[in-house]
Amino acid sequence: MAAGNAMSGSRIEQSEAMRLRMLAAIDHGLSMAETLNVALQQAIAELGGLGGLVHWLDRRSHRLRLVAVGGLAPENAEAWAILREDEDVAPARALRGGVLVWGAEDSLEVGASRTAAVPLLGTGGPLGALSVLMADPGEPDPAQRSSLSSVAAWATRRLEQRPDTPSGGVSAPIEQPATDGAGDGSSGETPRTFAVRHWDYDAATGSVTLTSPVIDMAGEFPHVFGGSADLWWYLAGIADLPAFTADISEALDSGSAYDTEYRVHHNDGTTGWVRARGHVVPGGDGSSVRMTGTLWGPVGTQAARDPVVAALRDMGDGFLAVAQDWRITFVNKEAERLLGPGRTLWGSTLWDIPLARVPALEVQCRRAAGERKPISFDLHWPSDQRVHHVRLTPLPGGGLTIYFVDTTDERSEVGVSQQPAGGWGRIAAERTAGMSELTAALSEAVTSSDVVKAVAERVLPPFGADGLLVHALVGGRLHVVGSVGYTERFLRQIDGVPLTTHMAVTETLRSRTPGFLKSRAEYLRRFPGFENFVGRSAKNAWAFLPLIASGHTIGCCIVSFSQPRSFSEEERTLLIALSGLIAQALERARLYDMEHTRAQQLQRGLLPRTLPSLPAAFATARYMPAGQGEEVGGDWYDLIPLSGDRVAIVIGDVMGHGIAEAAIMGQLRTAVRTLADLELGPDEVLGHLSELVSDLGHDKFATCCYAVFDPVTRTCSLSLAGHLPPAVVHPDGTIRVPELAADPPLGAAEPPFEVHELRLPEESLLVFCTDGLVESATRDIDQGLTQLRQVLASALARTSYFPTGTRHGDIGRLDDLCDAVVPALLPNREQTQDDAVLLVVHTRGTPADDVASCGLPEDPRAAGQAREYVRGQLAAWGLDDLVMTTELLVSELVGNVVRHASGPIRLRLMHSRSLICEVYDGSLTSPRLRRATYNDEGGRGLHLVAALSQRWGTRHHDEGKCIWTEQDLPLPH
């Protein structure tokens, strides 16, 4: 017995190995539909079944949908189209249990057959089930069970490797299988319809045989093909028939497989794409005599469900759209009637239609397309000599829309030459033409204000309206996005009110249907209690249009009139269509406004809000974002106070512009402030910044200039990492740009960086900028620097920045100087491709009378001499109130130097906005605060220094270090 089992197991393994090799031989380039079909054919053949089914699991609706069928009549297959996941049938039981099941199925009327079903188990859970209808009522043997499981495993593996396999099941639940092929599910969502048809083509006879009616991936039965006939009869609606025919002929001649796509016309006036794949089956003599393959693609379109498209289709005026090559891409019913009933206009070239070959029409169409501007004219239609007003409007990106409005009746009453401009025919034509113009304007609208402006300019005049309110619904409240024809007081009263307080809007948004009120009496009759609102609005007729985008209600558009009026059916249709256009544009604009606001907030948060006014310098700056993009970038600047009244000036530019560059800029600016607080030199600061940029990635670079201005010596020490040097403006108006060699940018440079020293005249200007200010596509950097000097000279003379006898500059005149320079260098800011920064710093030296210093001996006498010097100097400055505190500070600092450091020792006092005491020595060791215990003899002196001074710290220089303190000056008596 054991031997028998072993032999049986061996046969099963051999059979399974052969089957897998066979499947691997065809396991190349199969689509999802082909994979299911191959698996189904293999399972039916292995089990000797009557037919087979493949169901796909829709996890949202807990339904199993039939996606492939073989060997069954359409009426039998349709009975299995949709199964509940909890239903007592073999596919559902296999799916629930995760194992092969076996049982009778009463719902399939084929005698005493039984069904074997196996689940399709994916890595993320069950995908569906494969079932075979057995002719033998007996239970499947082990070999058959193994075969079915192997085929299911192969199909599951292949499906999970394909990117187009739906991971979450079918995209839309459908309660009942459709019988018309429209694909409109009861849920209101659009199913991803994927119709499949298997075919066999006989090249000798030119006929094709197709399988039973198609089952698609949405569980529907699209009856688009039927029977067996000539292949070209099925392809009569193909727009690309020559290309398809050429592919078939080439495949037959070469004996190779083919894969192509072609267009098919839908009943709603739109185009869909269908894909054909197949391979050649050679005959006995090796010639190509047959082809087999699949034909699949979408069987319906969403365009038919779009309310705007529906309104255009049913509009009483003729409307059609053509592409740049004059092929018709959309045509409504009235245009079809005018150009030739019974013809297939869609996809045809306009000039191939006899009734369209009117000289006046063709001339004007080509003129409108060439000049890219709307054209209106009257045309006598050749078929019936009726007068039509024609409106031609170019489309963005190419193409043209054509409107035909029949004005014969109006003109016959008044006379063509006496037809008033306000006649109904002309008004209707202008309204219809306004839709095209509005579509073009809304496609170019960027902000919510642009949307409101476009609606006000192109909707109100054709309808004779004088009021417009566009509300956005946010958090249950109505916010005014824009308006026309209302007072500011009225807008303040209605802005931000709860939705429930505006009953007309509430009813419109609740029902998602437009509301039309032709008089105040009708308004108050439908919504009593709103007398004050109606009176304050000063309007007498209203059209309430819901704004619905992406299935969500986003607001309401109210078109209002000063006089009572009724709304014709055509006016209502046009307004309803317009509301869809407005909603889509407003939703897009609101997203832009939101992102734009966030980007601006980010930029404001990363750049300094204000630049400090310091004793040694004050500055003003201008940041100009690139004309395109998020209006944020990587340019930055800063003015940082240092000890001893020194000032750090920094300006930099991260390569590129956008959110990512702005984030890097924020990191660099924070790092610069931290490094500046450590009193590091310009070369050391740039060395640390270069390491930071290198860590961000090999493709990240930034330029930077870090400068330190010392007001006592009036020297500016700076280092350049790929950045432009500053321009120096002397008080006499002379402008000089020093020729300084710059090191490579941050992220590419290796320390050390070179330090440059500039000696500045008293009351001079330092003008820093990034390359975006002086360099452009039409101007190299040398030309830009030359123009900068010229513009500065002209602006200095015009603003009289350096008046005679003036010591202290004026921040207001510094702003005027920046306002004069920027427009001259960037006249078209909206077209600039890079961010730009202008930073102008007015430097001021410390007067010699406000600085006093003396040398001290390197012995204990130094503390006493320092206290004596402090008393005398503070008395001379009139700071007697600070004598005692300052004596304690200098005694402690000098005493620490004598005890722990080395000479030479020097004391310097500075009288500025605060009293600055500096003690210099020759040691590089830095004092630090520490917690002293009860037994320690030292460690308390620095605590005293910290308590008596406003700020204190240490900075190093070439010959040692300096310990400094700052004290607030006493208030004047």
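**Entry 1: Leu 720**

I started with Leu 720, which counts as buried at 0% relative accessibility. By buried I mean under 20% relative accessible area, with exposed being over 50% and partly exposed in between (1.4 Å probe, protein chains only). Before going on, I note that this is a predicted model, where local features need pLDDT of at least 70, side-chain atom pairs count only at pLDDT 80 or more, and totals for chains, interfaces and linings use all residues. Residues are numbered from 1 along each chain as its sequence is written, and side-chain values use heavy atoms, with hydrogens and water left out.

Leu 720 sits in strand E28 (residues 715-721). Helices (H or I, at least four residues) and strands (E, at least two) are DSSP runs, numbered from the N terminus. I then listed what Leu 720 touches, skipping neighbours within four places in sequence: Leu 686, Cys 704, Cys 705, Pro 725, Leu 740, Ala 742, Asp 743 and Phe 753. Contact here means heavy atoms within 4.5 Å. I also checked Pro 682, which is 38 residues from Leu 720 along the chain, and got 8.8 Å between the C-alpha atoms.

Which peptide bond is cis, with omega near 10°? I found it running from Pro 751 to Pro 752. Pro 752 belongs to the loop between strand E30 (735-736) and strand E31 (756-759).

Next I looked at positive phi values. Glu 679 has a phi of about 60° although it is not a glycine. I placed Glu 679 in the loop between helix H20 (659-677) and helix H21 (682-696), and at 15% relative accessibility Glu 679 counts as buried. Arg 714 is not a glycine either, and its phi is positive at about 55°. I find Arg 714 in the loop between strand E27 (702-710) and E28; with 27% relative accessibility, Arg 714 is partly exposed.

**Entry 2: Gly 485**

Gly 485 is in the loop between strand E19 (477-484) and helix H15 (488-494). At 46% relative accessibility I have Gly 485 down as partly exposed. Not counting residues up to four places away in sequence, Gly 485 touches Asp 466 and Lys 539.

**Entry 3: salt bridges**

How many salt bridges does a search of the whole structure find? I got 22, where a salt bridge is a side-chain nitrogen of Lys or Arg within 4 Å of a carboxyl oxygen of Asp or Glu.

I opened Glu 334 and Arg 337, whose side chains meet at 2.6 Å, N to O. The two are 3 residues apart in helix H9 (residues 333-339), so about one helical turn separates them. Glu 334 is buried at 19% relative accessibility, while Arg 337 is partly exposed at 45%.

Glu 507 and Arg 510 form a salt bridge too, with the closest N and O atoms 2.8 Å apart. This pair is 3 residues apart in helix H16 (residues 503-511), which means a separation of about one helical turn. I have Glu 507 as partly exposed at 30% relative accessibility and Arg 510 as exposed at 60%.

Then I went to Arg 622 and Asp 815, which form a salt bridge at 3.3 Å, N to O. Arg 622 lies in strand E24 (residues 617-624) and Asp 815 in helix H24 (residues 811-825), so the pair ties together parts 193 residues apart in sequence. Shared partners join Arg 622, Asp 815 and Asp 819 into one salt-bridge network.

**Entry 4: the protein as a whole**

The protein has 27 helices and 38 strands, and 50% of its 973 residues count as buried. For contacts with a separation of 6 or more, I get 59% from residues 24 or more positions apart.
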